[in-house]
Amino acid sequence: MEQKLKRESLCVQAGWTPKKGEPRVLPIYQSTTFKYDNSEQMARLFDLEDTGYFYTRLQNPTNDAVADKIARLEGGIGAMLTSSGQAANFYAVFNICQAGDHFITSNTIYGGTFNLFGVTLKKLGIECSFVDPDWDDERIEAEFRPNTKCFFGETISNPGGNVFDIERFARLAHTHGVPLIIDNTFATPINCRPFEWGADIVTHSTTKYMDGHAVSVGGAVVDSGNFDWEAQADKFPGLCQPDESYHGLTYTKAFGKMAYMVKATAQLMRDLGSIQSPQNAFLLNLGLETLHLRMPQHCKNAQAVAEFLEQDERVAWVNYCGLKNNKYYELGQKYLPGGSCGVVAFGLKGTREDAIRFMDHLKMVGIVTHVADARTCVLHPASHTHRQLSDEQLREAGVAPDLIRLSVGIEHIDDILSDIRQALNSM
Ligand SMILES: *Cc1c(COP(=O)(O)O)cnc(C)c1O
C-alpha cells in the first residue's frame, strides 16, 4: 500500500496487507513462539542483527500490524502496543529517563498518570515537576534543570477537558534540548496529530476511543522519528551509549531514526514485559476500523450536551472546548478544528452529594469507571478515580471536587438529552 492514504482509509486498510491466498482479515497470531530452521538464524535475532519474530513478549505479527496502523494514523515512523495506557506512558518516559533524572509534566493529566509520575517513578529515582500550562514561558522555563529529560502533556486533559498548547510546549521543550511527549488518547489521530505541531512522541490509552467498545485494555507508544537524540547525546546515554545487554550495541548508531522504538521494544519490553495480548490487538483493530466514523458522532453529541448543560440554571459550569465562551475555545479551534472528543466536564450548583444524586438518577447513562466508548457514561472523579486525593490535591490536579465527567456516546442525541433532563428534574 504505497499510495498515501487519508486517515479514513488508514483506519480501514492500514497495517495488514495480505499476500496471495492469505486471510483478508488480520489474523490473531495466538502463538507465544516462532520457529527457525537453524540455531544461527535464532542467534542473529537475539543479537538484533536480523529482524524477525521469536517470542511474543518482544514482538507479535498481530500486534505489529495494529501498531503500524496507529503509527501511520499519527504520521509517525513506528509504534509499539502495550498492555495498557499506563504501561505506554511508563515506557515512553522510562525509555529516556533513569534514576537521577528529572522531567516536567502538565499538572492537568489523567489521575493514573499523575500517580505514576508523582509517586511510583519517584521510587525509581526519577523526579517530576508538575506545572500549570497557564503559567507564562518564564515560569515554565524556570522548571528546566540540567538533568531534565522530557516534557509531558495531554492533548485534551482527562477529566478536565483542557486543551494543551502543543506548539508552544514543543518550542519550550526543544529550546531546552528535550522531547515533548503527548498523550493523545482523547483527541485520537482523527481529531489531532500532535507530530504536526512539533510533538516528538505520542502515547495512547487504546482502551478508550481507539477500541471504542470498552472490550480491551491497551496502550500504544508512537515515535515521530524527529527528535535528534545524537545532538543531545550526553542527555540520553541510554540511546547514545552502548547497551551492555546487547554486547555494547548503540541504538542511535545501529538503528538511526528508529533508535527510540527499538530500545523500547528490545530492552524495556524484554525486561518489563507489558505486552498487549494478540487477542486484544485484534479487538483494538476492529475498533480502529470505525474510529473515523465514531469520533465525529461523539463530538456532535457532546457539543449538543455541552450547549444544553450551559443554558441550564442548575448547572454551575461546563468545560468543553467546543463552547464559544470556553477558556480553551481558541486552542480547540487551532488544534482540534474538526471536533475535540465526547467528554464533557461540568459541575452542578450545590454540594458533592448533589452531584452524586444527579448521577444516581440517570437511567440509560451508566455510572462506570470508563470513558470514551460507544455508550454514554458518567463518573464523579472526586468519589471514584481520584478518591485518594484531598480537595486541595484535586484542585492541583485540575479536578474540581464537584466535577462530573460525562462521556458522551454515539446513541441518538434525543435519548441522551432526555436522560440528563429527567435526572436533573428528579434531584
Ligand atoms: C485511561 C487513560 C490512561 C490510562 O490508560 P489505561 O489503558 O487505563 O491504562 C492514560 N491517559 C489517559 C488520557 C487516559 O484517559
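The largest nonpolar core of this predicted model holds 54 residues, and the members that touch the most others are Ile70, Phe151 and Leu180. Several elements supply two or more residues to this core: the helices H1 (7-13), H3 (61-74), H7 (166-175), H12 (278-288) and H13 (291-310), together with the strands S5 (180-183) and S7 (219-223). Of these, H3 makes the biggest contribution, giving six residues.

Once neighbours within four places in sequence are set aside, the contacts of Leu180 include Phe151, Phe164, Ile166, Phe169, Ala170 and Ala173. Ala199, Asp200 and Ile201 are also in contact with Leu180. Apart from this core there is a second, separate one of 45 residues, with Met80, Tyr91, Cys97 and Leu249 among its members.

Helix H12 can be followed through its buried residues, which are Pro278, Ala281, Phe282, Leu284, Asn285, Gly287 and Leu288. These buried residues pack against the helices H1, H3 and H13, and also against strand S1 (78-82).

H13 in turn has a partner in helix H17 (residues 413-425): the two pack with their axes 10 Å apart, at an angle of about 30°. Because angles under 35 degrees count as roughly parallel, H13 is described as roughly parallel to H17. The crossing of this pair, H13 and H17, is right-handed. On the H13 side, the residues that meet H17 are Asn301, Ala304, Val305, Phe308 and Leu309. From H17, the residues taking part are Ile413, Ile416, Leu417, Ile420, Arg421 and Leu424.

Attention now turns to a loop residue. Tyr110 sits in the loop between strand S2 (102-106) and helix H5 (111-123). With a relative accessible area of 27%, Tyr110 is partly exposed, since that class lies between the 20% limit for buried and the 50% limit for exposed. Beyond its neighbours within four places in sequence, Tyr110 is in contact with Gln86, Glu154 and Asn158. Leu45 lies 65 residues from Tyr110 in sequence, and their C-alpha atoms are 38 Å apart in space.

As for confidence, the protein chain has a mean pLDDT of 95, and 100% of its residues reach 70 or more. Within the chain, confidence is highest in strand S5, at 99, and lowest in helix H16 (residues 391-396), where the mean is 80.

Methods:
Residues are numbered from 1 along each chain as its sequence is written. This is a predicted model: local features need pLDDT of at least 70, side-chain atom pairs count only at pLDDT 80 or more; totals for chains, interfaces and linings use all residues. Side-chain values use heavy atoms; hydrogens and water are left out. A nonpolar core is a set of buried Ala, Val, Leu, Ile, Met, Phe, Trp, Tyr and Cys residues joined through side-chain atoms within 4.5 Å. Buried means under 20% relative accessible area, exposed over 50%, partly exposed in between (1.4 Å probe, protein chains only). Helices (H or I, at least four residues) and strands (E, at least two) are DSSP runs, numbered from the N terminus. Contact means heavy atoms within 4.5 Å. pLDDT is the predictor's confidence in each residue, from 0 to 100. Axes are lines fitted to C-alpha atoms, for helices over the stretch in contact, and angles run from 0 to 180 degrees between N-to-C directions. Angles under 35 degrees count as roughly parallel, over 145 as roughly antiparallel, 65 to 115 as roughly perpendicular and the rest as oblique. A crossing is left-handed if the near helix is turned anticlockwise from the far one by less than a right angle, and right-handed if clockwise.
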